[in-house]
Amino acid sequence: MWGGRFAEGPSAIMREINASIPFDKALWREDIRASKAHVVMLGAQGIVSADDAATITDGLDQVAAEYERHGVPEDWDLEDIHMTVEARLTELVGPVAGRLHTARSRNDQVATDFRIWVRTANARALAGLSALRSALVERAGEHADTIMPGFTHLQTAQPVTLGHHLMAYYEMLSRDADRFEAAQDRLNQCPLGSAALAGTGFPIDRDATAQALDFREPTRNSLDAVSDRDFALDYLMAASQCSLHLSRLAEELILWASQPFGFASLPDSLSTGSSIMPQKRNPDAAELVRGHAGRIVGAVTSLMITMKGLPLAYSKDMQDDKPPVFEAASLFDLSVAAMTGMIAETTFKVDRMRAAAQAGHATATDLADWLVREGDIPFREAHHITGEAVKLADTKGCSLEELALRDLQAIDARIDDRVYSALSIDASVASRASYGGTAPDQVREQVAEARAKLKRASLRGP
């Protein structure tokens, strides 16, 4: 393939470092599809004859059928998937196969193939996130009234509803879906026809190939087209951000499933046992989702560093663009699927959550708010009074709600028996009825709105 430029073939080291077929063979479907679009265009433009175009197209179909049945062979002397396909095509149809590479380069080939692959990965991510968000919404609807402690610094702060907590992750993942959609929109340009870097002198029809490959339009600058990997970085950035959210949710499930919390029981199908301790029920799937986030973030870092100092146009460094994307996509898809199963099948221990919400003086802020509202006391003074009440309740070993009225009035005489209406956890969550708050009615409204959005998105399609 190198022709007469080199007197000797590459050394064994060069052969190994130069070959990308072990990983870029994953692009064989995209490569054959793009090649078919290209040769059809060449035939339509009269650049190759109709007979040659038909012969090449039929040959590419034969190659695809072979790869579908038996996989892609790895011949490192052929370097990559592009030359592997062309070599097999030549074996099948003869020298006419050489016409396929007219008006293109491996530079625009790989840029096109990789974009198509990443486009599919974006679509998979959006479908997976839709399923996970639907699971969160359904469970939130079931638990709109389920009270649990809300935490700051992992300390009991205020009572919230489990539905509200789950909907917080729905919001995070909705932003993630927006990022994947934006990435999908930005990559929707076709590099094919940019050739090596400068375009081509042949009268090609780039709009035709873009349309055949389901792109919105051709890329506008040939130098940028062959050297751009923003589309891969966009995917990895969206996957990285989303993996952080998945990791946070996984961590919560791990905590909730532990005996000290006892808020949840994860499904058997996504848990494991211990080889030595028969009582153990380990949240391994959640822990692996948490662990995968580090590898996905590592993937985006890897590609960013690869790209950071490259001059225009193509450099061989860019051969290393695909392994981090392939690995991250596999980990990401698996993480989303595992988390969807966990959310759908986890059993929430409602009584345990409620008991935990009643401990830790979670309604202290409600007492302070009551003093402001009913006693016309500045909030900072009310905060101090409430602190005294919490200290007294700790001394007596009871909740704020269980303090006698005389004890509360000893702290501040402006307190009367109406205060008890504000000190129950049910009253607390019901009072948080501001838009986006934890009140059950607010949660049900958010669930209904989310269901409608997901339905509209499913009707719209990818």
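Is S240 buried or exposed, and what is its relative accessible area?

Analyst: The model is predicted, so local features need pLDDT of at least 70 and side-chain atom pairs count only at pLDDT 80 or more, whereas totals for chains, interfaces and linings use all residues. Residues are numbered from 1 along each chain as its sequence is written, and side-chain values use heavy atoms, with hydrogens and water left out.

S240 is buried, because its relative accessible area is 7%; buried means under 20%, exposed over 50%, and partly exposed in between, with a 1.4 Å probe and protein chains only. The residue belongs to helix α10, where helices (H or I, at least four residues) and strands (E, at least two) are DSSP runs numbered from the N terminus. Leaving aside residues up to four places away in sequence, S240 touches I296, V297 and V300, contact being heavy atoms within 4.5 Å.

A nonpolar core is a set of buried Ala, Val, Leu, Ile, Met, Phe, Trp, Tyr and Cys residues joined through side-chain atoms within 4.5 Å. The largest one has 101 residues, and F180, Y235, L246, W256, V325, F332 and M339 have the most contacts inside it. Helix α10, residues 230-257, gives the most to this core, with 14 residues. F180 touches Y235, A238, A239, C242 and F332, among others, again not counting residues up to four places away in sequence. A second, separate core of 19 residues includes A364, W370, A382 and I415.

Side chains of opposite charge can pair when their charged atoms come close. A salt bridge here is a side-chain nitrogen of Lys or Arg within 4 Å of a carboxyl oxygen of Asp or Glu, and the count by this rule comes to 35. In one of them, the side chains of D228 and R115 meet at 2.8 Å, N to O. This pair links distant parts of the chain, 113 residues apart: D228 is in the loop between α9 (222-227) and α10, and R115 is in helix α6, residues 106-142. Both D228 and R115 are buried.

The side chains of R186 and D234 likewise meet in a salt bridge, at 2.8 Å from N to O. R186 lies in helix α7 and D234 in helix α10, so the pair ties together parts that are 48 residues apart in sequence. With a relative accessible area of 19%, D234 is buried. Elsewhere, salt bridges that share partners join D185, R216, E217 and R220 into one network. Within it, the closest N and O atoms of R216 and D185 are 3.1 Å apart. R216 counts as partly exposed, at 45% relative accessibility, and D185 is partly exposed, with a relative accessible area of 45%.

Backbone geometry may be taken next. Most residues other than glycine have a negative phi, and most peptide bonds are trans. D214, in the loop between α8 and β4, has a positive phi near 65° and is exposed, with a relative accessible area of 51%. D376, in the loop between α14 (364-375) and α15 (379-396), has a positive phi of about 55° and is exposed at 68%. A cis peptide bond joins L312 and A313, with omega about 10°.

L312 lies in the loop between α11 (284-307) and α12 (322-345) and counts as exposed because its relative accessibility is 60%. Together with L197 and L223, L312 forms a nonpolar patch on the surface, with about 260 Å² of accessible area. Patches consist of residues with over 30% relative accessible area and no salt bridge, like charges being joined within 9 Å and nonpolar side chains (Val, Leu, Ile, Met, Phe, Trp, Tyr) within 5 Å. Accessible areas come from the Shrake-Rupley method with a 1.4 Å probe, and for residues only the protein chains shown count as cover.
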